[in-house]
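Trainee: Could you take me through one part of this model in detail? I would like to look closely at the annotated site and its surroundings.

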Amino acid sequence: TVKGVIFDLDGVLTDTAEDHYQAWQMLADRHGMAFDRETNHQLKGVDRAGSLRLILDHAGAEVDAATFDAMLAEKNDLYRARLAGYSPANLFSGVRDLFAGCRAAGLKIGLASASRNAPDVVRLLGIADEFDFVADAGAVPNAKPAPDIFLACAAGMGLSPEDCIGVEDARAGVSAIHAAGMVAIGIGSEEALPDADLNVPAIGDLSVGRILSSERETAA
Ligand code: G16
Ligand code: MG
């Protein structure tokens with residue numbers, strides 16, 4: 001029986017994905033690396049260092065360890081400058097109602113974001129107090145598609161993974177949810193997220209009813 005719902009952040013609760021892209025694009029431009037929106041698709045849900053590795057590979061560039069770390073810091077500064085303009089208006093519509101529905105149904109609410117900036121983002125969005133547990137991306141050994149962050153979130157909520165459902169917008173995230181032994185709800189088309197157990201176009205299309213029935217259908 002489902003007792004908790006674990007949400008991804010970027011692309012599920014808010015559109016920080018666009019700000020990540022803009023920050024990476026600016027970094028790439030500054031360093032003369034070829035990068036575009038197309039390549040950016042591969043970065044969805046991938047952690048900061050993993051994303052930079054993909055960008056360097058794609059550009060055919062190589063840098064030493066010190067430069068790599070400096071680039072990570074530079075990208076994060078660019079990203080955080082964009083976050084400064086965030087407010088509750090940046091929360092996707094429907095999220096507050098969905099959270100209220102989860103509460104009313106007795107479900108716990110968790111956050112499993114790959115972002116080290118997630119605690120700041122949820123504060124800026126005005127939803128920090130809605131979560132029973134916010135998993136710390138910096139504290140888990142393996143990034144998505146490994147199950148670590150979803151398992152850490154379930155444990156933090158005091159629930160076993162089988163009693164949790166994950167909500168993701170990235171393929172790596174859906175893989176992580178399944179590896180954790182949870183039902184996966186995909187925000188996006190079946191074409192974009194073919195492995196999800198249920199696809200909805202946007203978070204505003206999701207209701208507690210659909211969350212609960214997605215578990216029943218998967219169990220059946
Ligand atoms: C997010 C984004 C990724 C980003 C990652 C790390 O993950 O989807 O594009 O690279 O966080 O973010 P930061 O640089 O802030 O640590 P998620 O899991 O919330 O989709
Ligand atoms: Mg995401």
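Mentor: Happy to! Let's start with Asp10, which counts as buried because it has 23 C-beta neighbours inside 10 Å, where 20 or more are needed. Do keep in mind that this is a predicted model. Asp10 lies in the loop between strand 1 and helix 1. Leaving aside neighbours within four places in sequence, its contacts are Thr16, Ala17, His20, Ser113 and Ser115.

Asp8 sits in that loop too, between strand 1 (4-7) and helix 1. With 28 C-beta neighbours inside 10 Å, Asp8 is also classed as buried. Beyond four places in sequence, Asp8 touches Ala112, Ser113, Val167, Glu168, Asp169 and Gly173. An unreviewed UniProt entry lists Asp8 and Asp10 under "active site".

The unreviewed UniProt entry also gives a "binding site", placed at Asp8, Asp10, Glu168 and Asp169. These span 162 residues in sequence, yet no two of their C-alpha atoms are more than 8.9 Å apart, so they gather at one spot. Glu168 belongs to strand 4 (residues 164-168), and it is buried, with 30 other C-beta atoms within 10 Å. Apart from neighbours within four places in sequence, Glu168 is in contact with Asp8, Val12, Gly173, Val174, Ile177, Ala184, Gly186 and Ile187.

Now for the ligand. There are 20 residues around ligand 1, and those that come nearest are Asp10, Ser113, Ala114, Ser115 and Arg116. Sorted by class, the shell around ligand 1 holds six nonpolar, eight polar and six charged residues. Helix 1 and helix 3 each supply at least two residues of that shell.

That brings us to helix 3 (residues 48-59), which has twelve residues and reaches 17 Å from its first C-alpha to its last, close to the 16 Å expected at 1.5 Å a residue. Its buried residues include Arg48, Ser51, Leu52 and Ile55. They cover an arc of only 95° around the axis, which puts them on the same side of helix 3. The general rule is that an α-helix has 3.6 residues a turn, so residues three or four places apart point the same way. Among what covers the buried residues of helix 3 are helix 1 (16-30) and helix 4 (65-83). After helix 3 comes Gly60, with a positive phi near 65°.

How values were computed: Residues numbered from 1 in each chain as written. Chains lettered and ligands numbered in written order. Predicted model: local features only at pLDDT ≥ 70, side-chain atom pairs only at ≥ 80, totals over all residues. Helix = DSSP H or I, 4+ residues; strand = E, 2+ residues; numbered from the N terminus. Expected span 1.5 Å × (residues − 1). Buried ≥ 20, exposed ≤ 12 C-beta atoms within 10 Å, placed from the backbone. Arc of directions from axis to C-beta. Contact = placed C-beta atoms within 7 Å. UniProt positions renumbered as here; feature names shortened; annotations may be inferred. Near = placed C-beta within 6 Å. Nonpolar A, V, L, I, M, F, W, Y, C, P; charged D, E, K, R; others polar.
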